[in-house]
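Trainee: I would like to learn how to read helix packing and ring contacts in a model. Could you take me through one, feature by feature?

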Amino acid sequence: VASIVFFKCLENLHKFKFQGVPFSAWLFRIAVSEVNQFFRRKKKHDRAVSIQDHHISKLFEELEHRPDRDPHWFITRLLENLSADDLQFLELRFFEGHSFKEMGYLLGLTEVNAKIKTYRILKKLKIVAEELSEEE
């Protein structure tokens with residue numbers, strides 16, 4: 001996948017136009033597209049998400065929720081309830097720290113739509129978090 005991304009970046013470098021986001025966002029958009037295509041072709045591969053403790057804290061702050069259980073167990077249960085597309089929004093925003101403008105560019109949306117979609121996903125996760133807490 002990395003070699004395909006590198007090739008496509010070089011092949012399309014002449015098409016790059018500055019649109020208010022860093023050059024790295026353009027490269028990242030190509031990489032996201034190629035990774036998504038890879039997983040669509042290889043349905044048998046599970047998707048992995050790398051999460052560090054500060055990412056978990058940041059997401060719990062946004063959800064306004066502190067689990068009584070192990071945070072790693074809790075975050076795993078939360079993320080299992082998301083589609084791959086929804087998970088990608090959270091990854092970009094909370095685990096990679098992209099702005100809504102960058103997210104919109106990377107995902108082919110407007111900045112406003114990226115923000116709306118992210119907050120709808122968070123609203124859904126708040127409900128799931130409450131349900132998980134009630135099970136405890």
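Mentor: Gladly, and we begin with axes. An axis is a line fitted to C-alpha atoms, for helices over the stretch in contact, and angles run from 0 to 180 degrees between N-to-C directions. Helices (H or I, at least four residues) and strands (E, at least two) are DSSP runs, numbered from the N terminus. This is a predicted model, where local features need pLDDT of at least 70, side-chain atom pairs count only at pLDDT 80 or more, and totals for chains, interfaces and linings use all residues. Residues are numbered from 1 along each chain as its sequence is written, and side-chain values use heavy atoms, with hydrogens and water left out.

Trainee: How many helices and strands are there in the protein chain?

Mentor: The protein chain has 7 helices and 0 strands, giving the pattern α-α-α-α-α-α-α along the sequence. Its C-alpha atoms fill a box of roughly 55 × 35 × 20 Å along the principal axes.

Trainee: At what angle do the axes of helix 3 and helix 7 cross?

Mentor: Angles under 35 degrees count as roughly parallel, over 145 as roughly antiparallel, 65 to 115 as roughly perpendicular and the rest as oblique. Here, the axes of helix 3 (residues 53-63) and helix 7 (residues 111-135) come within 10 Å and cross at roughly 85°, which means that helix 3 is roughly perpendicular to helix 7.

Trainee: Which residues make that contact?

Mentor: Contact means heavy atoms within 4.5 Å. Helix 3 contributes Leu59, Glu62 and Leu63, while helix 7 contributes Tyr119, Leu122, Leu125 and Lys126.

Trainee: Is leucine 59 buried or exposed?

Mentor: Buried means under 20% relative accessible area, exposed over 50%, and partly exposed in between (1.4 Å probe, protein chains only). Leucine 59 has a relative accessible area of 0%, so this residue is buried. Leaving aside neighbours within four places in sequence, leucine 59 is in contact with Ile75, Phe94, Phe95 and Leu122.

Trainee: How many residues of helix 5 are buried?

Mentor: Helix 5 (residues 84-95) is mostly covered, with 9 of its 12 residues buried. Among them are Phe94 and Phe95. Just after helix 5, glycine 97 takes a positive phi of about 75°. For the protein chain, 33% of the 136 residues count as buried.

Trainee: How many aromatic pairs does a search of the whole structure find?

Mentor: Rings of Phe, Tyr and Trp (its six-membered ring) pair if their centres lie within 6.5 Å; planes under 30 degrees apart count as stacked, over 60 as edge-to-face and the rest as tilted. The search finds 5 aromatic pairs. The rings of phenylalanine 100 and tyrosine 119 have centres 5.8 Å apart and planes at 45°, so this pair is tilted. The pair links distant parts of the chain, with phenylalanine 100 in helix 6 (residues 100-107) and tyrosine 119 in helix 7, 19 residues apart. Phenylalanine 100 is buried at 8% relative accessible area, whereas tyrosine 119, at 39%, counts as partly exposed. Elsewhere, ring pairs link Phe16, Phe23 and Trp26 into a cluster.

Trainee: Which charged end sits over the ring of phenylalanine 100?

Mentor: A charge sits over a ring if NZ of Lys or CZ of Arg is within 6 Å of the ring centre and within 35 degrees of the ring normal. For phenylalanine 100, the charged end is that of arginine 93, 3.9 Å from the ring centre. Likewise, the charged end of arginine 29 sits over the ring of tyrosine 105, 4.9 Å from its centre.
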